[in-house]
Amino acid sequence: MPYFVARRNDSGPGAGRRSDMTGMVGARGYDTLEEAERELRAARARQPEADYQVIEADSPAEALMRAMTPGGALRVVVGTIDSRQEMDYALSVRRRVFVEEQGVSEDEEIDEHDGDPAAVTTAVHVLGRLESTQMPVATARLLLDHPPGEYPHIGRVAVLREFRGLGYGRAVMEALHEEARRRGIEGITLAAQLHALPFYEHLGYVAHGDAFLDARIEHRRMDLRL
Ligand SMILES: CC(C)(COP(=O)(O)OP(=O)(O)OC[C@H]1O[C@@H](n2cnc3c(N)ncnc32)[C@H](O)[C@@H]1OP(=O)(O)O)[C@@H](O)C(=O)NCCC(=O)NCCS
């Protein structure tokens with residue numbers, strides 16, 4: 001739905017002032033684009049120096065987040081993890097998603113592949129952070145210690161709930177695919193939670209075999225040839 005968004009303008013002539021929308025920064029949803037744009041014109045006429053936008057989003061939070069970065073985009077930057085601190089950020093995303101949201105126990109969730117990247121040689125982890133604020137929002141890992149004849153395994157793919165549907169899951173997966181290609185790896189295998197099957201299919205993965213339980217959650221095996 002279209003949102004009329006007003007936010008604090010800290011650099012322009014209105015620096016330090018707040019919008020007049022409700023006396024504070026915020027986003028208000030409208031049934032139609034015309035109504036939102038009417039509000040935008042009226043607000044600009046009242047206070048021309050303030051920062052107002054109309055943004056298409058699914059929630060007020062998403063509208064505000066989109067407004068935070070220039071051009072309205074919520075860009076994410078993905079990199080491989082090479083410090084203990086980045087690893088801790090990745091684990092905090094995974095705790096929120098798998099432990100708090102999905103009820104997986106901490107013992108099942110975190111294992112020997114999740115230690116200090118300076119010491120762990122069996123996995124490559126990636127972290128996605130918002131370009132605007134550096135907030136960690138997405139992660140995934142590629143395991144390198146696969147049995148001979150099997151493709152390496154990608155797992156622990158997680159995007160914070162409030163940041164889903166914005167392409168961040170695809171971004172961390174593509175970063176790991178790129179890393180795998182760089183290492184001469186020819187394919188990837190993974191165990192997909194059933195609800196995430198379409199997500200992996202969009203990335204080219206093909207499901208095979210029956211569903212099975214892991215951490216009491218139903219999964220299916222999926223493969224991708226790189
Ligand atoms: C699965 C998960 C990682 C997807 O991340 P996301 O950031 O929401 O996904 P994206 O926005 O990058 O979506 C990428 C593509 O998959 C599609 N997609 C994502 N989830 C989908 C779903 N449930 N059904 C259909 N399509 C879906 C998107 O439409 C998009 O398609 P496009 O690029 O062709 O437009 C995220 O939902 C998540 O963290 N879930 C909880 C943890 C979890 O279950 N992880 C997987 C364990 S196997």
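User: What covers the buried residues of H3?
Analyst: Among the elements covering them are helix H4 (106-109), strand E5 (123-130), strand E6 (136-143) and E7. Helices (H or I, at least four residues) and strands (E, at least two) are DSSP runs, numbered from the N terminus. By the way, this is a predicted model: local features need pLDDT of at least 70, side-chain atom pairs count only at pLDDT 80 or more, while totals for chains, interfaces and linings use all residues. Residues are numbered from 1 along each chain as its sequence is written.

User: Which residues of H3 are called buried, and why?
Analyst: Met87, Ala90, Val93, Arg94, Val97 and Phe98. They're called buried because each has 20 or more other C-beta atoms (placed from the backbone) within 10 Å of its own; 12 or fewer would be exposed, and in between partly exposed.

User: How do you know how H3's length compares with the expected span?
Analyst: The expected span is 1.5 Å times one less than the number of residues. H3 (residues 84-101) has 18 residues and reaches 24 Å from first C-alpha to last, so that's close to the expected 26 Å.

User: What makes arginine 95 stand out?
Analyst: A kink of about 35 degrees in H3 is centred there. The bend is the angle between axes fitted to the seven residues ending at a residue and the seven starting there.

User: What follows H3?
Analyst: Glycine 103, with a positive phi near 80 degrees.

User: Which elements supply at least two residues of the ligand shell?
Analyst: Strand E7 (153-159), helix H5 (168-182), strand E8 (187-193) and helix H6 (197-202) each do.

How values were computed. Contact = placed C-beta atoms within 7 Å.
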